[in-house]
Amino acid sequence: MAASMRLLFRRVIRLSHRNINVTAAGVSRGSGCCWGPSTCRCFSDAAGDSSTHFGFETVPETEKAKRVYKVFENVAQKYDVMNDAMSLGIHRVWKDMLLHVMHPQPGVQLLDVAGGTGDIAFRFLEYVRSQQERQKRRASRSMQTPSWQDISNNYSTEDVVESQESRAVVCDINKEMLKVGKQKADSLGVSAGLSWVVGDAEELPFDDDQFDIYTIAFGIRNVTHIDQALQEALRVLKPGGRFMCLEFSKVTNPVLARLYDAYSFQMIPVLGEVIAGDWKSYQYLVESIRKFPDQEEFKGMIEDAGFYCVQYYNLTGGVVALHSGFKL
Amino acid sequence: MFRNVLGRLVTEIVHVHRYANKAHLIQRVTPAFVSVRSFTDVKDEAQQPFDASLLEFLVCPLSKKPLRYDADTNELINEDLGIAYPIIDGIPNMIPQEARLIQKDTDSSTTPTQG
């Protein structure tokens, strides 16, 4: 056991060295290109073949989507188990907070992008159903002694209420994640008002002004062009619709930040290897969290896309930020 | 006293295990019956209701035009661009790269990539 732990430690050190080397190489390559004699060629190359980050690595943009797809294809089966292990179950609290802030009323249409295994969609349907029951209970309590007039009115309005069914559409670019989600739904017996679609967040297969709420939970940092995804969100939302985004963000407290970094880089890939048998995917996860803009910067990006009343809530000391904006 | 309790626990666990094994077998047997009887029903059900409700707001991601559901090939077809999006396991695949070109003479498997 000690030998395997030693091996794991060596792997950690080797991988962290590799990360430092890669970033150094990336920087030197970039600066060399700018100052070289063939600047014209350099510019045209940069324009046609721009690169982005994949964790701490620099990859061409066309590559990123493919690599992200592979990451999630590999982890799909163990995704929920890993979430519980890595966040010690706190991810459930984060998602419940999202629903509480959202406070959806019955009859509302939700689009959950990068919804994968459907956590948000399930919670949404449950919340709306409990809201409906609360409303019914409240209505029946206030109508303990109805007059004949009230009873006859009740009969006519019952059908109207039923037609406003709330619906949740789960959209994800990865088929494997959706398959896992659909299996979960079937085993839970939840299928009314739930739809599954394979789609790209940068090019949603939905018409304009369709949804009341657009959520993207822990998915937007994997999108290659975040501004395009934000613009698509604006497009498919109805006027008055709400955009909500849960994402890992910058920890404000320096002590907590140190602990969080240590935990991220040393525990999480190890957990990934032990539980899901995939070190690299979880290395990508913690690196992509570091590359994502912080709360204020992301708030600026959402405002640039055209959302109003943008605000964010820090959860767990800034480990996760819940951003919300409205289409007005 | 504890030995009694332990003894009882062990026998209970053994009973539960045996029951669990039997239940496992029973579960394996019944799906076979269910699937034989209603194989086609289940297959149709998995695809028909999903599409009817989805078609209301599903459009082609490239042209944003509504789609037509084709029950024979189980695809969503965009007439203007001549492409078909496959439906796998009841989940429509709306990625432009995965769509199929519908040519009048032949149908190739390559697709129009977005610009």
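Tutor: Let us start with a term: a residue is buried under 20% relative accessible area, exposed over 50% and partly exposed in between (1.4 Å probe, protein chains only). The model here is predicted, so local features need pLDDT of at least 70 and side-chain atom pairs pLDDT 80 or more, while totals for chains, interfaces and linings use all residues. Residues are numbered from 1 along each chain as written, chains are lettered from A in the order written, and side-chain values use heavy atoms, without hydrogens and water.

Student: Is A:K95 buried or exposed?

Tutor: A:K95 counts as buried, at 5% relative accessibility. A:D119 is also classed as buried, at 11%.

Student: What joins the side chains of A:K95 and A:D119?

Tutor: A salt bridge is a side-chain nitrogen of Lys or Arg within 4 Å of a carboxyl oxygen of Asp or Glu. Between A:K95 and A:D119 the N to O distance is 2.8 Å. Helices (H or I, at least four residues) are DSSP runs, numbered from the N terminus. Because A:K95 lies in helix α5 and A:D119 in helix α6 of chain A, the pair ties together parts 24 residues apart in sequence.

Student: Which helix holds A:K184, the partner of A:D119?

Tutor: A:K184 lies in helix α8 of chain A, so its pairing with A:D119 ties together parts 65 residues apart in sequence. That salt bridge has an N to O distance of 3.0 Å.

Student: How many salt bridges cross the interface of chain A and chain B?

Tutor: The rule finds three there. B:E56 pairs with A:R167, for example, with the closest N and O atoms 3.4 Å apart.

How values were computed
Helix = DSSP H or I, 4+ residues; strand = E, 2+ residues; numbered from the N terminus.
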